[in-house]
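Thanks for taking a look at this one with me. Please have the sequence and the model open side by side as you read my notes.

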Amino acid sequence: MKKTVRLFCLTAAAVLLMTAAAGAEGWKFNDEIHFELPDGFYYTGMTENGSYEFAGPNMKVRIYRLNSVRWVEPRQRMGSATEAGVSEQLIRRNGIDFYVQRNNADYTSPFQAVFFNSSGAQYTIDVDSYAASDRTVNDMVSNLVDSIRISQPHVHTLIWTERKEPSCDQAGNEEYWTCSECGKMFSDAAGRNEISAVPVLPATGHTLIHHDKVVSADLSAGIREHWECKTCSRLFADPEGRTEIRDRSWLIIPVSTEKVAEFVSRCYTLILNRNADEGGMKNWTGQLLNRAATASQIISGFMNSTEYREQQNSNEKTVEILYNTMLGRPSDPEGKSGWVEVLEKSGGNNNEIINGFSGSQEFIAICQDYGITPGVVPAGTPRTGIEGFVDRCYREALGRAGEEAGLNYWCSILRTRQMTPKRVADGFVFSQEMDAARKLTEDPDALLDALYRLYLGREADPEGKAHWKTRIANGLSLEELNDGFAYSAEFAGIVAGYGLE
Ligand SMILES: [Zn+2]
Ligand SMILES: [Zn+2]
């Protein structure tokens, strides 16, 4: 028996309707079918395994013997694993991926057969209906052919989007493919597994490490509290990583000249009980700003100054001043008596109290408030009493700290009263190291500078210096010059400041 199937073009959009002039008697497997094909299509006849094959310029479709496949529920891949295996076999054998979709379980409803050819193009065959009464293979085949529409395949033009790793604050994505024509997205290069959205890989979020505020020990600028991401190394001003620090100079806490000046001013008020003079203010703030001294050293400088010495405060008063200056509060009786004892035992070495207070929370807080470093008074800093005086002679006359043997020698001489402080000072001026006799003729400026510092505790003023230079030019001897300074009221005050006479 021969059947004729006409295949013709339905629309310009190329939805093809293939109809069969089906006989009432239906078809049998081995029926020979003749097709009338549109341009470029041809029927290649029944294959040896019983499928019907259509071919066109870009397609080759086979409708298999329907007893070799099973209808499945809508949108499911065909059959169980075993049956899918059968299907896959067919794919390989014929180069066509084949499965069937039904709208529902009712076999009488229209259903859709979908084909893919080996290059991934999709073909849909809509089967409007077929007889439900007799579900023989023959019926199914005949109804299939009775009303088959073949949609012109839409061949996806797939564009690859590569995988993008997510970063701390930017989502990434798995690789995927998008059809540039229909916009559908797929998770595979063949365009088989359609996906509804870009396969997003969410942002990982920053992993933030906390950096505490730093007030540097060398009085350089500090660093503000901030957070750093371990992953991307970006810096943030808040623990949630919301405010990024793009300008890293924001991190620097500058040393404030004004705050440093306030600190010095406070030392003048609390220690010397007066307002700062211009020269002194410049000297102390300069030392702090230039990192030449820490807060403890500045306080030591005030406490060991000639001016402070001249006030001849009792040990109790000294301790009280240090409580106010370094702890910001009056003393408590127990603490005070303990420190007075320390002061007495050390021969008035108030650096021991300063270093005792320098690590306290109170002093650290005061220093933080002024943006400066607490520090400590280093060993070897000019001390009070005999050691302080000798140390002072070394620094002012020779411009260096005393070596141990020398310090011990001069201290012993003063302690045993073999020499007066004036005579000790003479010893330095007339020493080989100071080389004063040569300087008197060759470099009177340097000699006078040293004498002013040693005996008067200050820098030379231009008028005074000019006066002495004239006298030197007129033949003043070194002894006369030295005595002119050594017998001054200022030097007597300095000596008294060290508790000496
Ligand atoms: Zn497409
Ligand atoms: Zn990060």
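1. A word on conventions. This is a predicted model, in which local features need pLDDT of at least 70 and side-chain atom pairs count only at pLDDT 80 or more, while totals for chains, interfaces and linings use all residues. Residues are numbered from 1 along each chain as its sequence is written, and chains are lettered from A and ligands numbered from 1 in the order in which they are written. Helices (H or I, at least four residues) and strands (E, at least two) are DSSP runs numbered from the N terminus.

2. Let's start with the sheet. Its four strands run in the order β11-β13-β14-β15, making an open sheet with antiparallel pairing (two strands pair if DSSP finds at least two bridges between them). β11 (158–161) and β15 (194–195) are the edge strands, each with a single partner, so one side of each has no neighbour in the sheet.

3. Within that sheet, β11 pairs with β13 (residues 176–179) over four bridges, in the antiparallel sense.

4. Trp177 is bridged to Phe186 in β14. The two strands form a hairpin with five residues between them, and Gly183 in the turn has a positive phi of about 80°.

5. The axes of α3 (residues 257–272) and α4 (residues 278–289) come within 9 Å and cross at roughly 125° (axes are lines fitted to C-alpha atoms, for helices over the stretch in contact, and angles run from 0 to 180 degrees between N-to-C directions). That angle makes α3 oblique to α4 (under 35 degrees is roughly parallel, over 145 roughly antiparallel, 65 to 115 roughly perpendicular, and the rest oblique). Thr257, Val260, Ala261 and Val264 in α3 meet Met281, Trp284, Thr285, Leu288 and Leu289 in α4 (contact means C-beta atoms, placed from the backbone, within 7 Å).

6. Finally, α7 (residues 315–327) packs on α8 (residues 333–345) at an angle of about 120°, with the axes 9 Å apart; the two helices are therefore oblique to each other. On the α7 side the contact holds Asn315, Glu316, Thr318 and Val319, which meet Lys336, Trp339, Val340, Leu343 and Glu344 in α8.

Conventions: Contact = placed C-beta atoms within 7 Å.
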